[in-house]
Amino acid sequence: TTRQLIMSEKLAAIGEITAGVAHEINNPIAVMQGNLEVIRNAMGRKAELAKTEFRLLDEQIMRISQIVTKLLQFAKPEEYAGYVERHSPDDVIGDCLPLVQHLLNKARIAVIRESAATRLVAMNRTELQQVLVNLLVNAIQAMPDGGQVTLGTRDEDRDGSRGIAVTVADTGLGMSEEVMARVFDPFFTTKRREGTGLGLSISQKLVTRQGGKISAVSEAGKGTVFTVWLPEAE
Ligand code: ADP
């Protein structure tokens with residue numbers, strides 16, 4: 001329809017602008033990082049006195065650079081297409097868990113693994129990790145008072161194609177119908193400060209590029225299940 005056409009043209013335009021701005025931001029970030037290092041070295045042992053301040057500066061610069069990377073991935077995903085290999089989905093989940101362990105501990109969240117997949121998926125490992133970490137972080141953020149996250153894998157055929165389903169289920173806040181309808185929209189977020197609203201839209205791009213699908217089932221007050229379906233590796 002005309003509306004969809006206008007929408008996709010708008011998104012393409014936003015993508016172009018975003019990519020341009022993100023590239024522009026990368027240079028000053030690199031300059032800041034370099035100069036910070038020079039100042040720290042010039043201060044010698046005195047740098048210890050401003051240890052906390054240096055750490056904060058490092059962290060905040062890192063944070064900006066991560067946001068920029070996310071924006072670039074959203075705007076120009078094809079430039080970020082990595083090398084595709086065959087992986088056991090359970091191995092990739094195993095790589096993701098240590099990355100969010102501190103968040104799981106802090107929020108008192110238990111992890112349950114239900115590994116049943118015997119097939120392999122074909123996807124760039126870093127990208128698959130990124131998708132699963134996004135889903136895990138969302139699940140954790142949906143359970144501020146603790147709970148459990150269940151990570152499942154199983155062989156599943158869809159429309160006559162062999163594939164693998166990976167599920168991330170939480171016992172958190174859940175979502176209303178209105179939120180559900182918009183979760184994959186770029187920049188849609190219900191989180192004030194921590195949210196960029198890009199996690200799920202990037203995840204969807206990465207998964208569909210591999211011929212897969214990502215979907216959600218949720219009940220407000222009960223929890224949410226995100227399912228990533230990927231075709232089996234040749
Ligand atoms: P962000 O996490 O930065 O907000 P996302 O694209 O990852 O961006 O998610 C978009 C929105 O989808 C979130 O702000 C939240 O409202 C909703 N959402 C995603 N995952 C969950 C979940 N597991 N439980 C409840 N709401 C979720």
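Let's start in the sheet, where Val111 stands opposite Val149 in S4. Please keep in mind that this is a predicted model: local features need pLDDT of at least 70, side-chain atom pairs count only at pLDDT 80 or more, and totals for chains, interfaces and linings use all residues. Residues are numbered from 1 along each chain as its sequence is written.

Strand S2 (residues 109-115) runs parallel to S4, with 7 bridges between them; two strands pair if DSSP finds at least two bridges between them. Helices (H or I, at least four residues) and strands (E, at least two) are DSSP runs, numbered from the N terminus.

On to the next pairing: S4 and S5 are antiparallel, over 10 bridges, and Gly152 stands opposite Thr167 in S5. S4 and S5 make a hairpin with 2 residues between them, and Asp159 in the turn has a positive phi of about 50°.

Now for the helix. H3 (residues 89-106) has 18 residues and spans 26 Å from its first C-alpha to its last, close to the expected 26 Å, where the expected span is 1.5 Å times one less than the number of residues. H3 bends by about 60° at Val100, the bend being the angle between axes fitted to the seven residues ending there and the seven starting there.

Which residues of H3 are buried? Pro89, Ile93 and Cys96 are, with buried meaning that 20 or more other C-beta atoms, placed from the backbone, lie within 10 Å of a residue's own. After H3 comes Arg108, whose phi is positive, near 55°.

Note on methods
A residue is buried if 20 or more other C-beta atoms lie within 10 Å of its own, exposed if 12 or fewer, and partly exposed in between; C-beta atoms are placed from the backbone.
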